[in-house]
Amino acid sequence: MWIFDRQTLTFLAVNEAAAHHYGYSQTEFLTMTLKDIHPWGDTPSLLNYRLKIKSKFKAPTVSYSGVWKHRKKDGTLIDVEITSSLVSFNGKDAMLVLAHDMTQHRIAEEALRQSQQKYVSLINSIDGIVWEADARTFQFTFVSPQAERFLGYPNERWLTEPAFWADHLHSDDREGAVAFCKKVTEEKKDHTFEYRMVAADGRIVWLRDSVSVVVEDGQPVKLRGVMVNITEQKQAEDRLRYLAHHDGLTDLPNRILFADRLGQALSRVRWHKRVVAVLFLDLDHFKRINDTLGHNMGDLLLKAVAERLSSCVRSGDTVARMGGDEFTIILADVAQAEDVPKVAQKIIDAVAKPFVLAGRELFVSTSMGISLFPNDGQDVQTLLKNADAAMYRAKEQGRNHYQHYSPAMNVRTLERLALESSLRHALERKELLLHYQPRVDLDTGQITCVEALLRWQYPDLGIVPPNQFIPLAEETGLIIPIGEWVLRTACQQNKLWQTMGLFPIRVAVNLSPRQFEEKNFIETIATVLKDTGLDPNYLELELTENLLMKNAETSIATLRQLNAMEVQISVDDFGTGYSSLSYLRRFPIHALKIDQSFVRDITTDPDDSVIVTAMIILAHSLKLKVIAEGVETKEQLDFLRSLKCHEMQGYLFSRPLPEDELARLLAIGKSLSDS
Ligand SMILES: Nc1nc2c(ncn2[C@@H]2O[C@H](COP(=O)(O)OP(=O)(O)OP(=O)(O)O)[C@@H](O)[C@H]2O)c(=O)[nH]1
Ligand SMILES: [Mg+2]
C-alpha cells in the first residue's frame, strides 16, 4: 500500500510490506516516483492514466484499475492487481493504492491453461474415443472428437441420446456387452472388453473398450474409458484364422477345420438316431499326372476336383482337403445308412468324368473309404482312421470304387503299427544284425566279396524276413538310420577281419532309394569310411537299376562322386527293370549283378538262358564285371563259366553267414573247388 502525488507521481507514503516487496527500504521508496516501479514501456499508458484520473475522478472514490506490470528493484516484473482511491494527503491531491501481487496466481493460471490444453490435445491425439458416462444409465457425458471420426455420428447424438451406446451396438454383441458392463460396474471393477458397433454408414467397427469405474461414497458414479478401434486387427485375425483352417490351393477346409466340423456334426446327431458318414478319398495314380504333365497341371486338377466334389454334396455337408491328393467329405445328416452308397457312387462317377484344363482333356479316378457314425466309430479320430483304412482297401481292390469299413481292415493296420513301433526300437535294442554271403571269382575260386544282408532278430518271433520290414522302413523313413547302421557295421566288420589278418575282401552294402536321395548321402559314406578306417576300395555299394534310372541325371552325378572316392558300385537285380542302354553306358559303375530269377532257370528255360547270355555279353562289351546271383547247382555254374561270367554268389558256395562263421571260411581259405 502506498500513496502517491497525483501531480508529480512521487510517493508520499508506503508501508513496510510494500516497499519490501519491491526490494526497497521505506526511505528509498519515498524518494521514487510511480514511474520507477513501472517497466519502461508502460510510461505512455501511465501518463494517459494520470490524465484520466485527473479529469475523471474529482470526488474520493475507490476503483479497481486492473492488473499492471510492475518492476522490482532487481528488475523482475510482477503482475499486480491495483485497487485505488483518490485521497487528499498533506494537502496534496494524492492516490491511495492497494497493490496485490498476482504473479504466482498468474503463473498457476497459465500452467493450468497449458495443462488443460495439453490434455485436450492429448485426448484428441489418442487413436481412440475417450469418454465418460453415467454409471447408472450409461448415458455419455463426454466423448472426444474421435467418436465422430470412427463411427460417423455427431457428438451431440452420443451425448443426448440416453441409450446411444446400447442402441448402436452390433445386434449380436448387444446383450452380452450391456450385461457385462452392468456386472463389472456393480462390482466396481475396471475392465476391458471388445465388441462391435455399427457406424452411421453401416460399417461394422470393432472396439476394445477399457473402462474404469469412478466410485464415490462406495457407489459407482461414473464410468470413464477409452474405446480403441481394433477393426483392422480383428480383420487380420479373421484372415489368419481362415488361413489356418483352409487349404491354400483349393480353399477347402483343411484337416483342422474338418475335424472341428465332424465333431460338431457328431454332437448334433448323437441323440437323434441319424447317421453321419465320413468319406475318405484319394485320387488314383495322381503321381502320374504330376510326372507326365507337371506339378502345375496337377495343382489345377486338384482345384477342379475340389470344385467338383463340392458340387456333389448338400450345403450342410463338408468337403475338405487333407493334403496331397486326399479329400474327405462329411455327409452330415443322413436319414439311413443305405443312402450313403448312392452318394458315394455319385461322387466317384462325378470325379471320373473328364476335366478340361488348360485346353486339354484329363481323366482321373478316385478310391474311397467310408465309415459311418455310430457303427464304425464314435469319435472324430476313429471315424477318420477307419475311413482311411477302408480307402486303402479300395486301392488294393483295384481303385476307382468305394469300400465300407470293416473291423478286419484294422487288424492289418494294427499289425503294421505294431511292427512299425517295434522297428523304431529295433536299432536301440540291438535287434538288427548282419549276415554275410560270399561272392567268389569263377577263375580263382577265391572269395572276393561278401554281401551284407540285414536281419531282424525279433524277440519271440525269431528272424523277420527283410521283405517284410524293409518296405516298411522305406515308407516310414526309418531306412535312413537303419541304412547308416548297416553301412557302418559292415565297414567296421570288414576292417576287423583285415586287422585279424584275414585275406582282404570287399563288403557289399545294399542301398535303398531313400538313402541314395538323402542330401548328405555322400557325406555319410565319407564319414563312415573315415570313422571305421576302411579303405574305400573294400566297400562296394549295390544299387538297383530302378533306383538309378528313376532320376538318371542326378544318379550319374552322385555316382561320379562315389567314383572319385574310389568306392565300388554294382547294379543289383539287373534285368528286372527297364535300363536304358544309353544310360548304362554313362553310369560310372563297376559291376552288374544278374538277378537270381534269371539264373534259377538258365539250364532249363531257353528264354532265360538267352537273356543271361545277352546280359553277360552286354557286360563284357561295357567292360563291366558280371556277377550271377542265386547260383545253386553245378550245372548253372558250368553254364555261367562257359559264358565267362566273372563271379557268382549263391547257395552252391555258401548261404549268408554270421560274421564268425564267415571269418572261419576266410581263415581256412575256402574256395569254389572245395564245394
Ligand atoms: N500337383 C500337386 N501334387 C501333389 C500335391 N501334394 C501332393 N502331391 C502329389 O500327389 C501324389 C499323391 O501320391 P499318392 O496318392 O500316394 O499316389 P498316387 O500316385 O495318387 O497313387 P495311388 O493313390 O496309390 O493311386 C504324390 O506324388 C505327391 O507328390 C500338390 O499340392 N500338388
Ligand atoms: Mg493318390
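A residue counts as buried here if its relative accessible area is under 20%, as exposed if over 50% and as partly exposed in between, with a 1.4 Å probe and protein chains only. The model is a predicted one, so local features need pLDDT of at least 70 and side-chain atom pairs count only at pLDDT 80 or more, while totals for chains, interfaces and linings use all residues. Numbering runs from 1 along each chain as its sequence is written, chains are lettered from A and ligands numbered from 1 in written order, and side-chain values use heavy atoms, leaving out hydrogens and water.

On to the metal. The magnesium ion (ligand 2) has D282 (OD), L283 (O) and D325 (OD) as its protein donors, at 2.0 to 2.3 Å; donors are N, O and S atoms within 2.8 Å of the metal (3.2 Å for Na, K and Ca), and sites may look incomplete with water not among the atoms. Along the chain these donors follow the spacing D-L-x41-D, and D282 and L283 are both buried.

As for the overall layout, the chain splits into domain 1 (2-107), domain 2 (126-234), domain 3 (246-405) and domain 4 (426-674), with bounds from an automatic or database domain assignment. The C-alpha centres of domain 2 and domain 3 sit 48 Å apart.

Further along comes helix α16 (residues 466-476), where F469, L472, A473 and E474 are buried; helices are DSSP runs of H or I with at least four residues, numbered from the N terminus.

Conventions. Helices (H or I, at least four residues) and strands (E, at least two) are DSSP runs, numbered from the N terminus.
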